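Please look through the structure below with the sequence at hand. The paragraphs after it go from one element to another.

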Amino acid sequence: MSRGPGTRVVGALDAVRLPPALLTASRRYLTRHPWQTWLSIIGIALGVAVVIAVDLANESARRGFRLSVEQVAGPATHQIRAADGRIHDATYTRLRLAQGLDLATPVIEAPMRVGERSLTLLGLDLIAAAPMRPDLLAAGAGGADARSARAWATALIALLAEPDTLLLSAADAKAIGAAPGDEITVGIGSGERRMRVAAVLPDQQGQTLGGLAVTDIATAQEVTGSIGTVERIDLILTDAQADRLAAALPTGLRLTTTAQRTNALAQMTRAFHTNLTAMSLLAMLVGGFIVYNTMTFAVLQRRSLLGTLRMQGVTRGQLFALVLLETLVLAAIGSLLGVLMGIAVGAGLVQLVTRTINDIYFQLNVRSLHLDWLSLIKGVGLGVGVTLIAGLGPALEAARSQPRDVIRRTLVEQRGQRLLPWLALAGLVLIGLGVGLVPLSGRSMTWGFVALFLIIVGASLGMPLLVRVLAVATTPLFGGLFGSVGRLAARGITASITRSGLAVAALAVAVAATVGVGIMIGSFRVSVSDWLEHTLTSDIYIATEPGGGGGTDTSLPPALADELLDLPGVAAVSQGRRRPVETRTGQMSMLALTSSAGTPRGFNFRGETAENLWQRWRAGELALVSEPYAYRQGVGVGDRLELFTTQGWHGFEIGGVFQDYGSESGTVILSKPVYAKLWADPGVSSMGIVLADGADADAVEARVQAIAARLTPPAAVQTNRGIRALSLAIFDRTFTITEVLRLLAIGVAFVGILSALMALELERAKDYAVLRATGMTRGQLRLLILLQTTLMGTAAGLLAIPLGLAMGDLLIEVINLRSFGWTMPLRITPDTLAAGVLLAWVAAMLAGAYPALRAARAAPAQALREE
Amino acid sequence: MDEHSGPALEVLGLGKSYAEGRRRRTVLRDVGFDVAAGECVALLGRSGSGKSTLLNLLAGIDRPDTGEVRIMGRSVTGMGEPELTLLRRRHIGFIYQFFNLIPTLTVAENLALPLELNRMPAARRRERIAELLGKVGLDGREGAFPDQLSGGEQQRVAIARAIIHEPSLVLADEPTGNLDAHTGHRVLELLSHLFRDEGHTLILVTHSREVSAIADRIFAVEDGQLTERTEALSW
């Protein structure tokens, strides 16, 4: 009688059913090898922790961004913005009345500081905004008694009627140490002023309004120096109302949806988040190596045992399930630990992530760690998934156990040795695929990372073979230097290459990552430094606020340029106006320049420029765009760029693409007179002073400082050297998180090599005992193990260099370019490479120290007795 | 298979050779013999004579080049891996020179494993383990781990494990090879009595005449061929 499908299913289930004794044996194996088990768990935990920490930090930053935007925009569906960034009060009033805009408020938003705390000043028309922003303006009216409601109303009236008054959130007020009625010193732009806390906004249903300082629009106009104008108008509109309003807007004003704007801002940090995620995945990859190593060792160590079990009738399926179950247990414990560690590390990382975002993108008001369940689940899923994939090979190896393995113990190592060339070949294929994918993947960042990971995995597959070649090649050298101990050390590596090779590969990948990232950061830093050197052509800068202005709409007095030019020792004065500008594809930064010396200097053009560049640029025919903009938009010299001016859309021909690391979203440079005409803005936000040959720089600076202090609000003065130092400090701060992730990846690799060495030491306990029994001293045994770890560490370091160089090159040529649109030459410093080798060597030595001591301490008789 | 009335083991024209470089070395040549149920047969031979290869072929853990092995009337030679696994689980017991107990299981758990694999109910399992421990003289040691036992004790556990699921055939590979003379003698006595009592079929592979003395019949393995001996052997 033929068996039905049901019988087959039962049969299949029976084939993997694990008898209790088998489970007990497995559990006791893990608990009897605590070093192996815990190192493996720690490896997984570290990998998961890094992934979770980065994900939590990213998610918290995204949430912080979303909340920050929501806080400021409130429930507004649309915004009206002007080409020149300023909407006159009269325009607002006219629009409100003519279009019947009931739910509309003028807004001024500006960064503000109170002590060390960064806040966002939000100026609103309190009466017009009341129905739109009950979260802000009715927040304090919900008190239980009439007295508190009256107090709130009094506070709002004070806010309306009294200048220099503001509302703070309860959290900020507490952090600043301010109570209602207190006066505080606030910094806006380069100036400071005293303001009074009219009231404190209570937290609402867990939603904090932290980071906001709300003022009446009139106060905001006064403190930001934009009397008579507002930054934008926030509105709540239906689609039909929006269509009607868009058609009726005067030239120079544009209606956009709040969502469009939010998305455009969110896109800016996408590459930053993706890069962090990739770094965390690298740590997980190294964690996967550890698991693979541990589980392979666990299977190999029990080879004879597994053969015995097969002789007793244990099926292949049962052995497969057993090893996979062990892996799953390690994965579960490691992942749970990883979650706890990830939350702890994430709390630190979120500060680094938000600080970087604040430094280079925009101000985040919400910076706390948000425990996102999805991040935790994703981290655990990834940890368990990678661990199970890593355990799959060893589980299959266990399932391949033959009953004859009881007798033939060296079979597996022999099989592994035979596999090495094939693994190397597979590695070459993967590297080929990765390299081939680079040009084929266009501008995709994700595929760029896939190519990078293919190359990393491919290289690691080839490493065991290279380690064997290296060990064989160095055997005579080690023999010559250290006699039989040296030969034994080198041959020990080749004899257990399936495990020692893997340990070297794990360490090499981690070190290569540090070398690669080190090269990328080093190249980037030198490029930024060169760029600053080239771009900052003036010796002293005076600006409406540190960094050159743009945040607020203040302007330096028009007569200042002549006053500066008249100073003794001043050769030329350039003037600049920096502000955001709308293009057809989103917002970018614009710098309008003019120089008393004629042609602007400091441009390093990529490729050809248009003919009669400067003449046509001054005439307003040409615009210069930065490299990131040109890369992102796929445009070059001769292409058109449309900018939204006070006279509507205006087209420019792109005359040149210049190197720029200042803005990831892109910068356009226009001639100042052209800008002044098209945007009806004669203002200047910064001036650059070029000193005459032989001028006393300190004396000129002192005079400029004195002039700046006289201005209202006072302007900031910075020297060329000061700006460069500040820029590089911000650069270094930006990469702090990358350094932290690099260190974590090294930590995972260190655990990996320690785990591998401990496993090898356990496996060789009997060999060591035989050596001790035949007269080898404890010192010689220690030397043997340390020589082995030295060789492994050196091999890892040497193998990490080519891989690190390739990674560095890929990070620069592919990832950085696709993420940010920046190009830079690869700069290899011997220090970075030497540090990589040293790092691998030290990690291996440290990891080998304990096994060496342990092996030397072991009593030979006991090891010999244990079969 | 359990209702089989013929010989417990039939070996027909078995041949096996291995590649040695470009040449092939013949290990077994046209080997044939029968073993009746309950009989004890010794395969006696020097190191490298091919006796271990023959044992592997009998257990189905190696494949012959020619010939056939039948256990309880069923051909092992043509069986697939799952069938062989089931055959070993239900019908074969093994005793090794190096005991091969599971180091992370206690004595009782080592004995329980074959029974659990054969899905024997827990109550009957406990009874059978207690019975066997009594027979091999290890009462009270059921909670001990293998590394807490002497070599002789470990081999007694291994013997108990080999017969606990009442297999049709027990294969023993140099069962006293790793024990001193005195302990080896005691283990041999136990093996002899136990197998007579329980009526198992036993194939012993050994190079020791003392060990082969407990067998009903002795086959000498020399130069890949098998000859039944009745007189004392020269080594």
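Predicted model: local features only at pLDDT ≥ 70, side-chain atom pairs only at ≥ 80, totals over all residues.

In helix H1 of chain B, the buried residues are Lys51(B), Thr53(B), Leu54(B), Leu55(B), Asn56(B), Leu57(B), Leu58(B) and Ala59(B). After H1(B) comes Gly60(B), which has a positive phi, near 75 degrees.

A sheet in chain B comes next. Six strands form an open sheet in the order E6-E7-E8-E3-E9-E10, and their pairing is mixed. The edges are taken by strand E6 (92-95) and strand E10 (225-229) of chain B; each has a single partner strand, so one side of each has no neighbour in the sheet. From one strand to the next, the twist averages 20 degrees. Strand E3 (residues 40-44) and strand E9 (residues 217-222) of chain B run parallel and are joined by four bridges. Within this pair, Ala42(B) has Ile218(B) of E9(B) as its bridge partner. Helix H5 (residues 151-163) of chain B packs on the sheet, where it touches E6 and strand E7 (169-173) of chain B. The direction of H5(B) makes about 170 degrees with that of E6(B).

Now turn to a strand of chain A. In a regular strand, side chains alternate between the two faces of the sheet. In strand E15 of chain A, Leu622(A), Leu624(A) and Ser626(A) point one way, while Ala623(A) and Val625(A) point the other way. Buried or exposed: which are the five residues of E15(A)? Five of the five are buried, so this strand (residues 622-626) is largely enclosed by the rest of the structure.

E15(A) is joined to two strands of chain A. Five bridges link E15(A) to strand E17 (residues 648-658), and the two run parallel. Two bridges link E15(A) to strand E18 (residues 667-671), and here the strands run antiparallel. Val625(A) takes part in both pairings: the residue stands opposite Val657(A) in E17(A), and its bridge partner in E18(A) is Val668(A).

A nonpolar patch of about 790 Å² is made by residues including Leu23(A), Trp38(A), Leu325(A) and Met341(A). Helix H3 (34-73) and helix H14 (316-360) of chain A are the elements that give two or more residues to this patch. H14(A) gives the most, with seven residues. Met341(A) lies in H14(A), and its relative accessibility is 30%, so Met341(A) counts as partly exposed.

Notes. Residues numbered from 1 in each chain as written. Chains lettered and ligands numbered in written order. Heavy atoms only, no water. Buried < 20%, exposed > 50% of the residue type's maximum accessible area, 1.4 Å probe, protein only. Pairing = 2+ DSSP bridges. Patch = residues over 30% accessible without salt bridge, like charges linked within 9 Å, V, L, I, M, F, W, Y side chains within 5 Å. Areas by Shrake-Rupley, 256 points an atom, 1.4 Å probe, with all protein chains shown as cover. Salt bridge = Lys/Arg side-chain N within 4 Å of Asp/Glu carboxyl O. Axes fitted to C-alpha atoms, helices over the stretch in contact; angles between N-to-C directions. Contact = heavy atoms within 4.5 Å.
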